[in-house]
Amino acid sequence: MEEQTQTSGSLYLPRMAEILQTRRLTEKENLFTLRLERGQSLAQHPGQFVEVSLFGIGEAPISVSSSPTRNGTFELCVRAVGDVTNAMHQMGVGEWLGIRGPFGHGFPVEKMRGKDLLFAAGGLGLAPLRSLIQFVLDERESFGRVIFLYGSRNPSELLFREELDEWAHRNDIEFHLTVDRAGPEWTGHVGVITTLFPGVAVNPRSTVAVTCGPPIMYRFVLIELLAKGIPESQVYLSLERRMKCGVGKCGHCQINGVYCCQEGPVFSYAQIKGLKEAIG
Amino acid sequence: MALWILSKKKTADWAQRLMANYEVVGPVAKDGAFVFAPLRRPEELRLDYPITLQSPKAYFLPPEETLLRFRRGAPPEAEPVHQERRRVLFGVHPCDINATWLLDLAFSQDTLDTPYMERRERALIVGLDCLTPCDEHSFCKSMGSLEVTGGYDIFLTDLGEVYAAEAGTEAGQKLLEQYAEITPASAEDTARLNTVLSEKWTRFTRKLSLEPEDLAEMLEQTYDNPLWEELAKKCLGCGSCNLVCPTCYCFDVQDRMKLNLQEGDRRRLWDGCMLKDFTRVASGEVFREHRSGRLRHRFYRKGKYMYEDYGRFGCVGCGRCVRACLVKIDPVEVFNTLDASCKV
């Protein structure tokens, strides 16, 4: 799949998109289903992001949560945390917003074909990973084992509960869920995501690991993944930064000398291990 | 390209004729200093200026500019704002020509930044050579930017009563032929120009202790140097260095609504990597929290990252940052101190 950035017209002119559906996922996160004007396809690559425009409020970089294999519409999982995202949560079906992108490099799906996949998502980190998981499930026969680890702070913050339920019941996904804290009604695993790793055996050379979560999680998850012997070039992570332009100009997302919006947001560990600003 | 001779006394006439068809921006005196400003009268032009407070970057990347105008609705409407104004930037020194060259690369590599490129493509640059250093802070020769190998349409050199004018582009040649009173340079003029040019170099003495090509490797070795922490204790984190730097181009994007709450515009504004909020994300996390890290990032951009991305230095040695700095953080001292620590 050829990755492209939007170059026609003004670099900063968004395309318009209509909200077709909103779904409440948690107290703080909504899932928006959007369609571009004139039925255009977003043609995103799993792991890429868009700049969402709310005219009068501003722009915010948001990763795309749906796979290009599910065409015609796309989905954004949005936490109400800043100006744009809080205003977005006030919007409903039939309202419109602007979209620039998709931008950046997503997950290298071609390199992943035929490999076992180990996903490790923490909290909102599931949002960008879901685009790849959907892609993999839609072409399930092209991939080996699918091992899915997901950690959330507590049960009420779990995203995509219906899909989690579906994935948990599939026999072609090895599904592991944990929460940091839970009340007595929770019958599942309790503990941070790293406590799931001892229960997972992988063939390191044939495994590609993909992780996304808060910066603090990376420090510990990376140790686990590398300890399993997975090569650094086969460990991928998606980094969060404040991309204002999305095209390597504005400077905000730079990690040492690397523009996260262009070379990322998905990087292999081999790519970023020399970048001291990458995961702190 | 051809070399021409232009009387200094006729420079104002040249500018006046240009003003009929262009906005002519040049160095003018303001409050005891010099700034690039649109000429209201040709005699305001002060080609004897040492250095301006700001480089001419504001004429390609204004401190604040409108990118789009929009109207809310279902669907909303948005229109880009196009730049039509034709400009002549008059009397641009070699440091600023080299800095503009870098900006051109930054705004055209990989993706064309439409607002910048529209302004840039409609602008002509009349360069003016420096025969003496502007003051004790400049180290342009050391950064290789006292020399210009392109990036101008016309380049002037002061030969006393006259300027030698070299056309660097076809457009520059036309600007001379159509608007200026010029005569072809004689063999004598050319010889005089060569003498003037060969004599200027020894006057520029302030320099780095290393070649600029070696800055990237030197910086690579000094990432954890204690100097960054020492400087951070002095640095006020005010971002003045970002503002006056001719190669700083980072920007923020903001929306403004009209009072009818239906229409508005999206603007971009200069931003600076020395400001703490520069790397803040919505969750509150700041990815370059410590001032030492922000200082290091700025110097790395100038000496290493831009060089690696664009093949040109992010510092042109103009000295504006130290002149503007309230605590006098001096790039020559910073680079030389780091370099010395590598040689111990």
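A residue is called buried if 20 or more other C-beta atoms lie within 10 Å of its own, exposed if 12 or fewer do, and partly exposed in between, with the C-beta atoms placed from the backbone. By that rule Gly92(A) counts as exposed, because it has 10 C-beta neighbours inside 10 Å. This is a predicted model, in which local features need pLDDT of at least 70 and side-chain atom pairs count only at pLDDT 80 or more, while totals for chains, interfaces and linings use all residues. Residues are numbered from 1 along each chain as its sequence is written, and chains are lettered from A and ligands numbered from 1 in the order in which they are written.

Gly92(A) sits in the loop between α1 (83-88) and β6 (96-103) of chain A, where helices (H or I, at least four residues) and strands (E, at least two) are DSSP runs numbered from the N terminus. Leaving aside residues up to four places away in sequence, Gly92(A) touches Ile19(A) and Thr22(A), a contact being a pair of residues whose C-beta atoms, placed from the backbone, lie within 7 Å. Ile19(A) is 73 residues from Gly92(A) along the chain, yet their C-alpha atoms are separated by 6.7 Å.

Confidence in chain A is expressed as pLDDT, the predictor's confidence in each residue, from 0 to 100. Chain A has a mean pLDDT of 94, with 96% of its residues at 70 or more. Over residues 1-8 of chain A, however, pLDDT stays under 50, and the model has nine contacts beyond four places in sequence for this stretch. Where pLDDT is low, the predicted coordinates should not be read in detail.

Chain B is divided into domain 1 (3-203) and domain 2 (212-343), with bounds that come from an automatic or database domain assignment. In chain B, 34 residues of domain 1 are in contact with 27 residues of domain 2. On the domain 1 side, the elements of chain B that give two or more residues are β4 (64-71) and α2 (94-106), and α2(B) gives the most, with nine residues.

The contact between the chains takes 37 residues from chain B and 38 residues from chain A. On the chain B side, two or more residues come from each of β4, β5 (77-80), β11 (251-257) and α9 (291-310) of chain B, and the largest share, six residues, is that of β11(B). The residues on this side divide into 22 nonpolar, six polar and nine charged, where Ala, Val, Leu, Ile, Met, Phe, Trp, Tyr, Cys and Pro count as nonpolar, Asp, Glu, Lys and Arg as charged, and the others, Gly among them, as polar.

How values were computed: Contact = placed C-beta atoms within 7 Å.
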